[in-house]
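Colleague: I am new to this structure and would like to learn how to read it. Please take me through a few features.

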Amino acid sequence: MSERIGIIGGGIVGIALARAIAQRGLGEVTVFEKEDRLASHQTGHNSGVVHAGLYYAAGSLKAQLCTAGRTALRDYCLQKHLPYREVGKLVVAVDESELPALAEIEKRSRANGVPDLARINDVARLHDIEPHVAGVAAVHSPHTAVVDFAAITEAMAQDVRRAGGTVLLGQEVVTMEVEGATVRVGTPGSEHRFERADAGEAKAARTRGQPGAFGTRGCQTGVSRTRPLARRAAMTLRPPTLAMRARKP
Ligand SMILES: Cc1cc2nc3c(=O)[nH]c(=O)nc-3n(C[C@H](O)[C@H](O)[C@H](O)COP(=O)(O)OP(=O)(O)OC[C@H]3O[C@@H](n4cnc5c(N)ncnc54)[C@H](O)[C@@H]3O)c2cc1C
C-alpha cells in the first residue's frame, strides 16, 4: 500500500512540496490548510518578485536554488498561462556613499550569473528605464519578474489533486500525537493517521530499550515535543509548513 504523507500548511512551500511528492508517486499526500483558501498568509501577501539572484553569496545553495527556481518558475507560469511579467529591477545607489555597496551587489550578481545584468552610471539612462528614480548609479537586472504567487499555489494544488493527492481547506491541525510508529494528526472534528518515517528504526530502538528514539525524526521542523522521549509524546505545533513521513535527514 502507498505511504501516507501529511503536510501542514497550504502556502507555496507546502503545496509545492505536496506536488513534488504526488507527481513522483512517493506517497499518498494530504495537505492540511487551516484557512478556507490557499496562500492566504505570507504567500499571498509578499512582493511577488521572482528574484534573479542579485544578493546571495556566490556559489551558496541559496544562489544556486534561486537561479534554478527562477527558470523552473518561469517555465511553469508559461506552461500554465499564469502571469509572468519581466518588469526588471533597478538597485540604486542614491548617493556616492552607496557606491561601494552597489559594487558589491554587482560583483555578486555577476558571479551568480544574473542574465543581461548592466551597470548604469549615466543618470539620463537611469531615467529612461525608470523616470521616477533618484540616484547616481544603478545595477539593472532586466529579467527580474513579478508573478502572482497565490495563482501559482492554486495551480500547483490542482496538480496535486490530479496526481491523486488531497488538499483539505479549513482544517487547522491542532494536535499531533506520536504513539509508537503512528502519528495521529487532529483537526477540529477529525483525526488522521500517518506512519512515522522512521518507524522501522523506532521499533528497533524500542527493542534495544531506547525509548529516546521516538519522535526524533518522524516529524520535521516546526514541531516541539512537550514531553521529550516519551513513548506517547504530545506535540505542540509551530507551523508554517511541516511534513510528516518526510525523508530522513
Ligand atoms: C514582506 C515580505 C516580502 C516577500 N517578498 C517575496 C518576494 O517578492 N518573492 C519571494 O519569492 N518571496 C518573498 N517573500 C518570502 C515568501 O513570501 C515566503 O518565503 C513564502 O511565502 C513562504 O511560504 P510558506 O508556504 O512557507 O508560508 P505561508 O504562505 O505563510 O503558508 C503557511 C500556511 O500554513 C497554514 N497554517 C499555519 N498553521 C496551520 C495549522 N496549525 N494547520 C493548518 N494550516 C496551518 C497557514 O494558514 C498558511 O496558509 C517575502 C516575505 C516577506 C515577509
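**Loops and a sheet**

Modeller: D116 lies in the loop between α3 (99-111) and β6 (118-120). Helices (H or I, at least four residues) and strands (E, at least two) are DSSP runs, numbered from the N terminus. This is a predicted model, in which local features need pLDDT of at least 70, side-chain atom pairs count only at pLDDT 80 or more, and totals for chains, interfaces and linings use all residues. Residues are numbered from 1 along each chain as its sequence is written.

Colleague: Is D116 buried or exposed?

Modeller: A residue is buried if 20 or more other C-beta atoms lie within 10 Å of its own, exposed if 12 or fewer, and partly exposed in between, with C-beta atoms placed from the backbone. D116 has 10 C-beta neighbours inside 10 Å, so it counts as exposed. D116 is not a glycine, yet its phi is positive, about 55 degrees.

Colleague: What phi does H81 have?

Modeller: Its phi is positive, about 60 degrees, although H81 is not a glycine. H81 sits in the loop between α2 (61-80) and β4. H81 is exposed, with 8 other C-beta atoms within 10 Å.

Colleague: What is the strand order in the open sheet of three strands?

Modeller: Two strands pair if DSSP finds at least two bridges between them. Here the order is β3-β8-β4, with antiparallel pairing. β3 (49-50) and β4 (84-85) are at the edges with a single partner strand each, so one side of each has no neighbour in the sheet.

Colleague: Which residue of β8 stands opposite V50?

Modeller: A145 does. β3 and β8 (residues 145-147) pair in the antiparallel sense over two bridges.
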